[in-house]
Amino acid sequence: MDLLWSTLLELLTPEGGWRASLVLRIVLSTALLFGYVILLARTFGARTFATFTSYDFLTNIAAGSLVASAILGRSVVESGLSLLVLVLLQAGVSAWSAHSQRARRAFDNEPAVLVERRQWQDATLRRTRVSRAMVEQAMRAAGVLEVGEV
């Protein structure tokens, strides 16, 4: 039991122990980055942190990682600059994709019809590596209870 308790305490104690300066740094860096992310979203528009394509999803994952690194790391400025570069790249790719078929093919996923005329499109499900369960879950989230309603 002592081993369990000491391990738990070790997990819940930051390196160097709890200090007021550590807590203050985490609180301030979190507040600064929260405001910075809002500023970026307002400046670059709704698409900045939306998830329309797999590219957008990956951008959001990278942005989350940068924010976490800034909060827990030493420099808010370095991660903030990296986040700005990421947002600028995302805006550039989005603009390029809006004007170029080649860019759209490179960065965006083509829509796939998984259910058509109340019938599962099994070949498309296999090609896109999407299971019926995944589609049914998305349908339920949209308020659709049966394939016949699609």
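Student: Where is Leu9 found?

Tutor: Leu9 sits in helix H1 (residues 2–11). Helices here are DSSP runs of H or I with at least four residues, strands are runs of E with at least two, and both are numbered from the N terminus. This is a predicted model, where local features need pLDDT of at least 70, side-chain atom pairs count only at pLDDT 80 or more, and totals for chains, interfaces and linings use all residues. Residues are numbered from 1 along each chain as its sequence is written, and side-chain values use heavy atoms, with hydrogens and water left out.

Student: What is the mean pLDDT of the chain?

Tutor: The mean is 89, and 100% of the residues reach 70 or more. pLDDT is the predictor's confidence in each residue, from 0 to 100. Among the elements, helix H5 (residues 101–107) has the lowest mean, 86. Strand S2 (residues 119–120) has the highest, 94.

Student: Why does Leu9 count as partly exposed?

Tutor: Its relative accessibility is 41%. Buried means under 20% relative accessible area, exposed means over 50%, and partly exposed lies in between (1.4 Å probe, protein chains only). So Leu9 counts as partly exposed.

Student: Why does Leu22 count as buried?

Tutor: Leu22 has 9% relative accessibility, so it falls under the 20% limit and counts as buried. Its place is in helix H2.

Student: What does Leu22 touch, not counting residues up to four places away in sequence?

Tutor: Leu22 touches Pro14 and Gly17. Contact means heavy atoms within 4.5 Å.

Student: How do you know that the span of H2 is close to the expected one?

Tutor: The expected span is 1.5 Å times one less than the number of residues. H2 (residues 20–44) has 25 residues, with 36 Å expected. From first C-alpha to last, H2 reaches 36 Å.

Student: What makes Arg132 and Asp122 a salt bridge?

Tutor: A salt bridge is a side-chain nitrogen of Lys or Arg within 4 Å of a carboxyl oxygen of Asp or Glu. Here the N to O distance is 2.9 Å, so the pair qualifies. Arg132 lies in helix H7 (residues 132–141) and Asp122 in helix H6 (residues 122–128), so the pair ties together parts 10 residues apart in sequence. The structure holds 1 salt bridge.
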